[in-house]
Amino acid sequence: METRKPVTTAKLRKMKEDGKPITVITAYDYPSAMLAEQAGVEVILVGDSLGNVVLGYDSTIPVTLDDMIYHSKAVTRAAKSSFVVTDMPFMTYHGSLDTALRNGARIMQEGLAKALKLEGGAEIVPAVQALVQAGIPVMAHVGLTPQSIHQIGGYKVQGKNSAQAKKLLDDAKALEQAGAFAIVLELITEQLAEQVTKQLSIPTIGIGAGAGCDGQVLVFHDVLGYGADLHPKRFVKTYANIGEQIRAGIQSYVEDVRERRFPGPEHSFQMEGEVAEHLYGGSAEPKKERLTAGSTSSI
Ligand SMILES: Nc1nc(=O)c2c([nH]1)NC[C@@H]1CN(c3ccc(C(=O)N[C@@H](CCC(=O)O)C(=O)O)cc3)CN21
Ligand SMILES: CC(C)C(=O)C(=O)O
């Protein structure tokens, strides 16, 4: 069905040059990645936001390297042509470069991601350089960096005063210089994001950063209205309400079982008459109780 050529970093760069918006969504498992792939996104991000939306933590800090690898494995099995980027989680690319390289290698070799994403500015340039020199594409991430939430003190717009805006622009340039192939701009003003986008030649991918970025990323569960951690956020647009559909579906199932409407004869297997005869001397008629209750199941 999907005949698209695999997306590459070169293609993303070309899209920026051609002014074509780059589409990115997170995914954390096989079916969600399969649906994102079929919908035609260029990039699937295995974000450490899985800590919030899949694992039920209240930040991304508890997410481990093994968590990221486990979810990457499921996503990369489904993503035939989308470019899969996986977050390096909290504190796995700090300290020695050797540790950053070893952790990055595990995500690439076991998770089969095509690139890694790292949060931070100039301070992570050595880690970005080391990974890029090892042949790994790196996506940078500046602005609101949720792994530093306790230092930042809240999920609020970053780079608002001129000194902070200048620092963010300098960080972005340093990350491009270090070899990053793209950069996420999270929760910054539209004007600052436009400046960064103009001054860099690598694509900028915005979340809560306005319309001037080269691409946009949102969290799967936010886009679809699916489950936990869904207090409304200004920068999110919700395109479906699958949480409601899932709850209603489960409720119908529960009611059908309680009212003996499920399973119906079409979901059940009948014994051969002579086996029934040998077993209990009866006929192989389906259960009486169910016949009187009737079946209302659809499909
Ligand atoms: N479900 C989900 N979606 C995300 O986008 C997301 C996560 N989880 N977890 C990891 C980080 C955390 N993120 C967040 C979380 C909250 C806000 C938030 O409440 N923002 C306020 C803006 C506050 C201000 O005006 O400064 C908002 O109303 O959007 C923003 C980003 C983005 N990431
Ligand atoms: C929100 C995106 C950019 C992210 O970093 C994540 O999903 O963890």
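So, Asp 87: in this predicted model, it sits in strand E3, residues 83-87, where strands are DSSP runs of at least two residues, numbered from the N terminus. Asp 87 counts as buried because it has 30 C-beta neighbours inside 10 Å; the cut-off for buried is 20 or more other C-beta atoms within 10 Å, with C-beta atoms placed from the backbone.

A quick word on the ground rules. Residues are numbered from 1 along each chain as its sequence is written, and ligands are numbered from 1 in the order in which they are written. As the model is predicted, local features need pLDDT of at least 70, side-chain atom pairs count only at pLDDT 80 or more, and totals for chains, interfaces and linings use all residues.

Now, who touches Asp 87? Beyond four places in sequence, its contacts are Val 46, Gly 47, Asp 48, Met 68 and Lys 117, a contact being two C-beta atoms, placed from the backbone, within 7 Å.

Let's follow Lys 117. This residue lies in strand E4, residues 115-119, and is buried too, with 23 C-beta neighbours inside 10 Å. Its contacts include Leu 45, Val 85, Met 139 and His 141.

UniProt, in an unreviewed entry, lists Asp 48, Ser 49, Asp 87 and Lys 117 under "binding site"; such annotations may be inferred rather than shown by experiment. They span 70 residues in sequence, yet no two of their C-alpha atoms are more than 12.4 Å apart, so they gather at one spot.

And ligand 2? Among the residues around ligand 2 are Asp 48, Ser 49, Asp 87 and Glu 186, each counted when its C-beta atom, placed from the backbone, lies within 6 Å.

Note on methods
Helices (H or I, at least four residues) and strands (E, at least two) are DSSP runs, numbered from the N terminus. A residue is buried if 20 or more other C-beta atoms lie within 10 Å of its own, exposed if 12 or fewer, and partly exposed in between; C-beta atoms are placed from the backbone.
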